[in-house]
Amino acid sequence: MTLAQSLAIGAPEIMLAAGAIVLLLIGVFRGDDSLTGLSWGAVILFALTALTVVDDAPDRLLAWNDLYVADSLSAFLKILILVGAGASALMALPYLQRVNASRFEFPVLIVLATLGMFVMVSANNLLTLYVGLELMSLSAYVLAAFHRDEQRSTEAGLKYFVLGALSSGVLLYGVSLIYGFVGSTDFTAIAAGLSAGEERNMGALFGLVFVLAGLAFKVSAVPFHMWTPDVYEGAPTPVSAFFASAPKIAAMGLLLRVALDAFQGLVADWRQIIIFMSIASMLVGAVGAIGQSNVKRLLAYSSINNVGFMLIGLAAASSAGASAVLLYLTIYLVMTVGSFLVVLALCDADGRPVETLDDLAGLARARPWLATALSIFMLSLAGLPPLFGFMAKLAVFNAAVDSGLWLLAVLGVLSSVIAAYYYLRVVKILFFDPPADVVVADGQGRAVVNNGLMLAAAIFCSPIGYLLLGPLSAATRAAAGSLF
């Protein structure tokens with residue numbers, strides 16, 4: 001393949017890289033006053049990039065000496081990543097203005113992190129995987145500590161950096177083991193090499209364990225979840241929303257490609273690891289959230305819990321399972337972004353963020369539309385019908401049953417019942433507890449876009465979302481089909 005062909009196939013990444021440089025230069029010369037323009041510029045850049053992604057969707061194309069792959073799976077994941085990143089950039093704008101933290105670097109870091117995620121989901125080589133992962137992580141470390149004058153934010157960034165560096169080292173050690181036993185870091189060569197001999201397969205399996213551990217950190221799967229509650233609570237709320245959406249989608253998509261593409265020949269071995277992480281994540285996420293009084297920490301445990309359900313689809317190791325994971329990611333993205341949009345709208349009379357559940361007591365009387373939106377997102381995350389979140393869990397349970405994983409599906413249902421307690425508890429606090437009269441409306445009129453996004457997310461999660469089930473299912477089946 002010629003250089004020109006590789007450049008054409010990699011057009012989304014090239015556009016993001018060039019856009020990040022342009023936004024950075026504008027910010028350097030115009031200063032922090034350019035935050036609004038740069039945020040909207042980042043959203044426009046994401047929209048233009050989405051057009052190039054959709055254009056490449058139908059075919060599986062390899063570029064850059066087979067280091068990079070563009071197929072239906074990468075196209076689907078990139079669209080989700082762009083939606084999550086764009087929403088995060090927009091929701092951050094009124095927040096940064098309200099807390100007097102208007103710095104132009106924020107949208108630039110979002111764009112650079114998105115570029116890293118694009119490289120991740122298009123990786124066809126373990127080294128490409130690592131480059132994309134680190135590009136995303138380096139931007140994420142800075143975003144976590146964006147409020148550098150606040151102790152909580154600085155602590156969150158430091159914890160994320162230290163544990164992230166550890167996970168990267170573990171992943172690199174796994175890559176070295178795989179290369180040593182298989183003789184290649186290319187996904188296609190690894191898949192072909194695993195059938196050469198039992199000894200080689202066993203050595204590669206040890207390497208895969210370390211790679212899975214490194215990726216499990218990025219998706220907050222147990223037992224590599226320890227950073228999630230602290231980082232979500234300490235980081236600025238738009239950053240927590242970003243962490244819970246786009247990077248999680250990229251890491252889960254990468255996990256699908258590594259497991260079902262490169263290591264398809266070791267399904268019986270890695271399935272046991274995935275099942276353990278799935279069960280542990282569902283239980284820890286369900287039980288750990290019960291005692292939480294901070295909304296962001298509760299959403300962190302909810303994120304861990306939902307990752308467990310996604311891993312059920314991966315454990316199925318089938319096209320239906322992969323399709324279920326992608327459908328879950330789509331619905332989860334909207335539910336999570338919507339939940340954090342509500343958290344962003346919670347502030348007291350002095351403009352300080354309100355994050356404790358006690359302060360939300362009786363919110364339905366003062367701000368009924370906000371309480372209703374949060375209730376929709378909570379009940380959808382719980383998977384209660386007829387809300388759209390029910391279809392996400394039903395899809396992964398069906399995939400597990402079709403693959404003979406009955407016990408895993410039953411445990412998933414039981415975990416949903418446990419998790420429903422704290423979701424329903426939030427609804428009870430909003431509608432039935434005596435009013436705390438802490439949350440007030442944002443009188444500065446800077447959250448119009450956020451309110452629009454919140455309304456769109458609530459409609460998507462409501463029964464109206466079922467109207468989109470047909471097109472979404474077709475798109476997820478096509479994306480999953482590129483792995484088989």
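A residue counts as buried when its relative accessible area is under 20%. Alanine 317 has a relative accessibility of 13%, so this residue is buried. The structure shown is a predicted model.

Most residues other than glycine have a negative phi, and most peptide bonds are trans. Some places here go the other way. Alanine 317 is not a glycine, yet its phi is positive, at about 55°. Look for alanine 317 in the loop between helix H14 (295–316) and H15. Tryptophan 64 also has a positive phi, near 55°, and is not a glycine either. The loop that holds tryptophan 64 runs between strand S1 (61–63) and strand S2 (68–70).

Is tryptophan 64 buried or partly exposed? Its relative accessible area is 34%, so tryptophan 64 is partly exposed.

Next come the cis peptide bonds. One joins valine 222 to proline 223, with omega about 10°. Proline 223 sits in the loop between helix H9 (198–219) and helix H10 (228–234). Another joins proline 385 to proline 386, where omega is about 10°. Proline 386 belongs to the loop between helix H17 (368–382) and helix H18 (389–402).

**A nonpolar patch**

Together with Leu3, Leu7, Ile14 and Leu67, Trp64 makes a nonpolar surface patch of about 430 Å². Leucine 7 is part of helix H1 (residues 3–9). With a relative accessible area of 38%, leucine 7 is partly exposed.

| Largest | about 560 Å³ | Ile79, Leu80, Val83, Leu333 and Val334 |

Start with the largest pocket. Its lining has 30 residues. Which helix gives the most to that lining? H4 does, with 10 residues. Helices H3 (35–55), H4 (72–98), H15 (319–345), H20 (448–461) and H21 (469–481) each supply at least two lining residues. By class, the lining of the largest pocket holds 27 nonpolar and 3 polar residues, with no charged ones.

Note on methods:
Residues numbered from 1 in each chain as written. Predicted model: local features only at pLDDT ≥ 70, side-chain atom pairs only at ≥ 80, totals over all residues. Heavy atoms only, no water. Patch = residues over 30% accessible without salt bridge, like charges linked within 9 Å, V, L, I, M, F, W, Y side chains within 5 Å. Areas by Shrake-Rupley, 256 points an atom, 1.4 Å probe, with all protein chains shown as cover. Salt bridge = Lys/Arg side-chain N within 4 Å of Asp/Glu carboxyl O. Helix = DSSP H or I, 4+ residues; strand = E, 2+ residues; numbered from the N terminus. Buried < 20%, exposed > 50% of the residue type's maximum accessible area, 1.4 Å probe, protein only. 1 Å grid on protein atoms, 1.4 Å probe; cavity = no way out; pocket = protein on both sides within 12 Å on 5 of 7 lines; lining within 4 Å. Points joined across faces, edges and corners; volume = space filled by probe spheres on them. Nonpolar A, V, L, I, M, F, W, Y, C, P; charged D, E, K, R; others polar.
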